[in-house]
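Subject: Structure for your files

Dear colleague,

Here is the structure I said I would pass on. My notes on it follow below.

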Amino acid sequence: MTQEIALCKFPQTLQMTMASPTSEPTMTQEIFEPEKHGSTERIQWVLNTPKPPGLGCELMETAFPCGNNIPFLSKQSTKKHLISFMQATFPILSWGRNYTVIKFKNDLLAGLTLASVCIPQSIGYATLAKLDPEYGLYTSVVPPLIYAVMGTSREIAIGPVAVISLLLSSLLQEIEDPVANPVAYQKLVLTTTFFAGAFQAAFGIFRSGFLVDFLSHAALVGFTAGAAIVIGLQQLKSLLGITQFTNKTDVISVIKAVCRSFEHPWKPYNFIIGCSFLCFILITRFLGRRNRKLFWLPAIAPLLSVILATLIVFLTRADKHGVKIVKHIKGGLNPSSVHQLQFKGPQVGEAAKVGLIVAIIALTEAIAAGRSFASLKGYHLDGNKEMVAMGVMNIIGSFTSCYVATGSFSRTAVNFSAGCETAVSNIVMAVTVLISLEFLTRLLYYTPVAILASIILSALPGLIHFSEAYNIWKIDKLDFFACIGAFLGVLFASVEIGLLVAVTISFAKIILISVRPGTEFLGRLPGTNIYGDVNQYPMAVKTSGVLILRLKSALLCFANANFVRQRIMKWVTEEEGDTENNPEKVKLVILDLSCLMDIDTSGIVSLVELYKNLDSSGMKMVIANPRWQVIHKLKVADFVDKFGGGVSVFLSVGEAMDAFK
């Protein structure tokens with residue numbers, strides 16, 4: 001029994017030993033001499049804790065997680081501080097010192113492989129965003145260069161992606177028609193890109209990455225799956241050579257538009273070219289997965305398809321027989337677009353709202369991709385630095401004719417498979433795209449639009465994760481509802497409705513858990529001094545006349561305080577009514593507050609009312625293992641005095657039971 005009590009008090013003893021480095025007794029002596037500190041003294045440990053950090057300290061810790069590095073509190077010299085700041089802002093200054101020729105060879109191969117995928121995809125994604133093809137190539141030049149200097153991921157591939165392209169076109173075409181007024185639409189896209197970058201940088205600077213988490217993993221799985229199907233349906237316009245097509249993105253409108261197109265003369269050559277090369281790309285991808293040594297085959301397949309399709313159209317003059325071609329692609333370096341940004345007028349507010357939505361989706365996708373591959377190589381990805389890097393690259397991108405860029409999961413996988421070592425692979429890719437813009441755009445004049453559709457379609461299966469959706473269903477049904485809500489919302493309504501449904505269900509889950517927290521009935525595990533949930537551990541032994549309850553909530557506040565009080569009184573009433581299993585009347589109620597991290601005034605009032613209700617029924621209420629913030633606020637509110645000077649506050653449930661035997 002003495003040894004069990006000693007083990008029960010190990011955590012508290014360890015805390016006291018660590019908090020008092022000047023004390024003479026060792027930790028081992030403290031553990032095996034429990035009688036050295038009496039029960040009354042241990043109660044005073046709980047009641048006489050120092051004042052916890054205030055709101056100001058918590059905000060400072062959020063803004064500057066390492067107190068010694070706060071600029072105006074740092075004891076480092078100005079030069080050292082400047083070097084440290086520059087290395088933190090531009091990680092390339094840190095890892096660049098150890099860069100070798102061997103690493104460059106690997107990055108060169110990976111970058112060239114990445115460019116072969118990026119060039120055709122960028123042209124296709126630009127058309128998906130309702131922009132001219134060169135804007136996709138522009139977006140694959142400047143943002144990757146900026147990210148290579150400021151980003152912390154070694155594998156992530158930066159550029160335009162399908163989901164963001166669809167999101168921009170579906171949200172902005174309701175404000176400005178890209179067909180009737182393409183110049184105004186381009187200005188709106190660039191302004192939205194600036195706002196997206198500003199929001200992303202602000203999230204990182206103010207360490208507000210938790211805002212991105214409001215779009216949960218489950219919601220993102222459903223959203224991307226729905227967006228993939230919508231993107232695929234949108235490609236039917238190019239694949240079938242349809243002239244008149246709907247601007248709506250829901251599946252019903254798209255199917256109606258396709259059915260109406262069959263009433264007009266149909267040119268099958270677009271479909272034949274698109275499907276043929278789509279099959280070719282998918283076959284190469286299958287071969288690449290079967291044999292990892294052929295990883296380069298699916299990587300170069302899109303570029304090879306563009307070259308072959310362009311040659312076929314040029315040699316056969318298929319454009320004269322109904323095959324739609326890209327025609328002119330403006331070449332040269334990224335032109336300045338600062339003068340195109342619009343910060344005045346009625347559309348600025350709409351651009352800012354779309355920018356916020358796009359910023360969150362882009363960050364979620366990029367950070368998810370970056371962290372996935374960082375874990376494979378065993379290094380940490382700094383989320384806040386990633387947000388700043390993404391934000392800066394999109395702000396500068398909006399000045400240089402780029403639309404919103406982010407990390408592509410599929411191209412990141414290609415980069416990883418090609419053996420990239422650092423972000424230099426992004427630099428190689430950007431330089432290759434820049435050379436293509438300068439010298440090769442004229443060769444793409446006869447590129448069929450159908451081949452771009454097939455390239456986009458080939459990338460869509462990677463956005464649909466059936467196994468992940470099934471795992472979400474098995475693990476958490478509410479998460480699955482958020483997933484399926486986002487999927488159906490995007491598919492049958494619109495992109496923004498899908499996002500709204502997903503975020504609403506995620507918030508509803510948070511509110512439901514917060515407003516109606518659970519309460520566990522504890523019993524003692526045989527042969528130990530540990531108390532666990534009797535439902536989780538059926539072998540746990542309940543003590544007659546004693547009701548031990550643990551709150552399963554991190555916060556007792558105005559939203560759930562009344563519910564918790566009523567729930568506890570219901571437990572007490574049911575326990576007293578069960579005379580068959582509990583012949584002795586309940587005399588003691590122990591509240592285990594080990595899970596409760598904080599409490600507000602409504603929570604304190606509810607505890608006072610609970611104490612009075614139990615006291616009027618002849619029962620005693622005691623508190624076990626209150627956390628730092630909780631016990632401090634209870635003392636400030638004079639709540640402890642209402643219990644009789646702290647006699648009923650204990651370090652653990654075990655000590656509370658021992659005191660009232």
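Contact here means heavy atoms within 4.5 Å. The model is a predicted one, and the notes below should be read with that in mind.

Helix pair. Helix α16 (residues 269–290) and helix α17 (residues 296–316) have axes that come within 9 Å and cross at roughly 160 degrees. Angles over 145 degrees count as roughly antiparallel, so that is how α16 and α17 are classed relative to each other. Their crossing is right-handed. On the α16 side the contact includes Ile 273, Phe 277, Phe 280 and Ile 281, along with Arg 285. From α17, the residues involved include Leu 297, Pro 298, Leu 304, Leu 308 and Ile 312. By class, the residues of this contact are 14 nonpolar, three polar and one charged.

Thr 249. This residue lies in the loop that runs between α14 (236–240) and α15 (251–261). Is Thr 249 buried or exposed? Its relative accessible area is 8%, and buried means under 20%, so Thr 249 is buried. Leaving aside residues up to four places away in sequence, Thr 249 touches Leu 166, Ser 170, Val 230, Gln 234, Val 254, Ser 494 and Val 495.

Cysteines. With a disulfide taken as a pair of cysteine sulfur atoms within 2.5 Å, the count of disulfides is zero.

Regards

How values were computed. Residues are numbered from 1 along each chain as its sequence is written. This is a predicted model: local features need pLDDT of at least 70, side-chain atom pairs count only at pLDDT 80 or more; totals for chains, interfaces and linings use all residues. Side-chain values use heavy atoms; hydrogens and water are left out. Helices (H or I, at least four residues) and strands (E, at least two) are DSSP runs, numbered from the N terminus. Buried means under 20% relative accessible area, exposed over 50%, partly exposed in between (1.4 Å probe, protein chains only). Axes are lines fitted to C-alpha atoms, for helices over the stretch in contact, and angles run from 0 to 180 degrees between N-to-C directions. Angles under 35 degrees count as roughly parallel, over 145 as roughly antiparallel, 65 to 115 as roughly perpendicular and the rest as oblique. A crossing is left-handed if the near helix is turned anticlockwise from the far one by less than a right angle, and right-handed if clockwise. Ala, Val, Leu, Ile, Met, Phe, Trp, Tyr, Cys and Pro count as nonpolar, Asp, Glu, Lys and Arg as charged, and the others, Gly among them, as polar.
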